Amino acid sequence: MKGDAGGKMIIKSKLKWVGLVGLVLSALSLFAHFLLARYSYTEEGITEYQAITIFSWRPVFENADLSSTSKLYRRLWGPVRRLESLQPHARPREHYAVPVQESDRYIFVRIRGGFHEIRSSICDAVVIARLLNATLVIPEIQSTTSSKGISAQFKSFAYLYNEDEFMASLANDISIVKTLPKTLKGARRKKEIPSFKVLNSQSPYYYLRHVLPVLIRHSVVELVVSDGGCLQATLPPDLEEYQRLRCRVAFHALTFRQEVQELATKILHRLRAPGRPFIAYDPGMTRDALAYHGCAELFQDVHTELIQHRRLWMLKRGIIKGNLTVDSNAQRMNGSCPLMPEEIGIILRAYGYSWDTIIYISGGEVFGGQKKLIPFHAIFENVVDRTSLTTSWELNRIYGREANLVDKYPKTPPSAEKEMKQEAWKTSGQRPRPLPPPPARPKSYHIEGWWGWVAESDNEPESTVIELRTNAHKLLWEAIDYLVCVEADVFVPGFDRDGKGRPNFASLVMGHRLYQSATAKSFRLDRKEIAKRMEEIDDHLYEANHTWIKSVKTHLRESLINRLTEESKASKSLSFLSFPVPECSCLRSESKGASTSTSTSTSKLPAIIRFARSCPAWMGKDVISRPGDKESEDDLDDDDSGPSGLFFRQSGGSSNRNNGGGGGGEVMSSKEETQMEDQEEIDGGDR
């Protein structure tokens, strides 16, 4: 018996060891699998790939990737050759004195507003400090200082931008300090510092006549900026160097903090991992913008009431003038409303982008929620945003350690507070007094759902602590989107105006792209023209004919160049950063051996760009024009082998139309389409 028991113990012992060895081998195998997954084998050898990260996006591709030398690829993704001579040049060009080491005059700026307003206001603050020969204290961003519960690791300016890089980049322009001297800190706490609530677009002479005397007398002034800028966009010719200073601030000094930069780089890497170019699309559909421009009736649901509620609020405060009720369709046909995602999807498909094109949607808020994006997702398969390209822990990392807010999960009030009632009756005295009112119902609603307070009050409820923190998070979200949009192969704005009628996030992106890489495709759409085109096919939205498609292609192609002049007139007077040309750019001439003369090449540029000066010699060699590089954009439209008239995915030689496509027209093969378009080109040439 003892022998049998001992044998069983030995067997159990061996089984335990076998199980333990099996677990160890499994762990080693899993570790080796993850290690090898970091590398990919190519013809050149083994190269390191990307760290394994689990996120929701799984791209779907059916069409073969286009050759970069094909006409269709160059039309869809290629650079705008006519702008290749335009180069960034924001350095001082005339005598530019280096500032005093540290002036005894200090300017302290508090900035309120959204991402694009903060960015513009910081640039204006630097210019004002230079104009008044004062030391600038690192600006304070109110969206972060007023938000409780955000990480104590990042505060104010440092919550969004890199303070050290900001100070180092502008060392030759102005003197910058992180805080006020101790002698002035006490005065600020006691609110003894003179303060100016600066309106938007103040002239330089306002600061020289009104602010400078106070600054000399008190050694410090505080500027409160809440309208998205405190200096006029267009400056006199003798202050042109200050415009270039704005460019140096916006495009060089204002770098985001390291955590934001790293996450944006990861997103860009994941977007480009499939080896295909991508489009960045900014809908621009915010509640304030829709209310300001009277676009409420485009929704026909509860969001219409929310927009009207905000418009009434604007009317009461004098932000807008006019009537509460506006014909939204007339506003849309006039180009004053955003283009809907479905409309953007249709014109992009008409231009030639296939259904499996990678499209990144930017923006902190798409008012109307995912419902407005459903048609866009039906047209394009690979639609992503920052949430589908990142994990929750990656986003939490840029927030830092944050406090666990009490009202994160609102508690419903108890059905009956027996203890309170009993205590009230005990202390009521001889005659019974009415009970105290029940506790206020906690505010609980969703941004994309029903807002119950609209039917209860004319005033919007005060923001909760969690909402204030979310507003601070939105700055980080838009910073990530900003970096992705600037680096995108193609940028498409749905709207370029904010809730005050001024250039918005998309306008700043287009201005940055025009400065940094003018040849990158940025479609400056004429919303009035697009609305007119969409009305033509309103009854057969997904069955457009070839004439309509050709007109859309022509409009999008012309928007790359011809719309620059109109954009400079419409946006530059409101925001210099939306169109920093020609002050912050220069023109490189073509080399003598080029097939096209310099004068001929320059004459093809819009008038606003031709005023740019020639680039200095130190910027390097001239642009070399190679045969075929200057191929006309019109010639690229001759190759229409891409999707034409079919707005849903194709399979083989035919197309299976989505049930929501509307209409049931006959489907042609791609060969028949090409033959038909070739004949159309010939007929058009004869006419």
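Tutor: Happy to. Let's start with Cys-586, which has 0% relative accessibility and therefore counts as buried, the cut-off being under 20%. Please keep in mind that this is a predicted model. The partner of Cys-586 is Cys-615, and their sulfur atoms are 2.0 Å apart. Cys-615 has a relative accessible area of 18%, so this residue is buried as well. The torsion about the S-S bond of Cys-586 and Cys-615 is 90 degrees, a right-handed link. Cys-586 belongs to strand S15, while Cys-615 is found in the loop between strand S16 (613-614) and helix H24 (633-636); the two cysteines are 29 residues apart, and the pair links distant parts of the chain.

Cys-247 and Cys-584 form a disulfide with an S to S distance of 1.9 Å. What about burial? Cys-247 is buried at 0% relative accessibility, and Cys-584 is likewise buried at 0%.

That leaves the bond between Cys-295 and Cys-337, with a sulfur-to-sulfur distance of 2.0 Å. Both ends are in loops: Cys-295 between helix H10 (287-292) and helix H11 (302-316), Cys-337 between helix H12 (328-333) and helix H13 (341-351), so the link ties together parts 42 residues apart in sequence. The torsion about the S-S bond of Cys-295 and Cys-337 is -100 degrees, which makes a left-handed link. Cys-295 is buried with a relative accessible area of 0%, and Cys-337 is buried with 2%.

Now for the overall arrangement. The count is three disulfides. If you number the bonded cysteines in sequence order, the pairing reads 1-4, 2-3, 5-6.

Two further cysteines are worth a glance while you have the structure open. Cys-230 has 0% relative accessibility and so counts as buried. Cys-485, with a relative accessible area of 0%, is buried too.

Terms used:
Residues numbered from 1 in each chain as written. Predicted model: local features only at pLDDT ≥ 70, side-chain atom pairs only at ≥ 80, totals over all residues. Heavy atoms only, no water. Disulfide = S-S within 2.5 Å. Buried < 20%, exposed > 50% of the residue type's maximum accessible area, 1.4 Å probe, protein only. Helix = DSSP H or I, 4+ residues; strand = E, 2+ residues; numbered from the N terminus.
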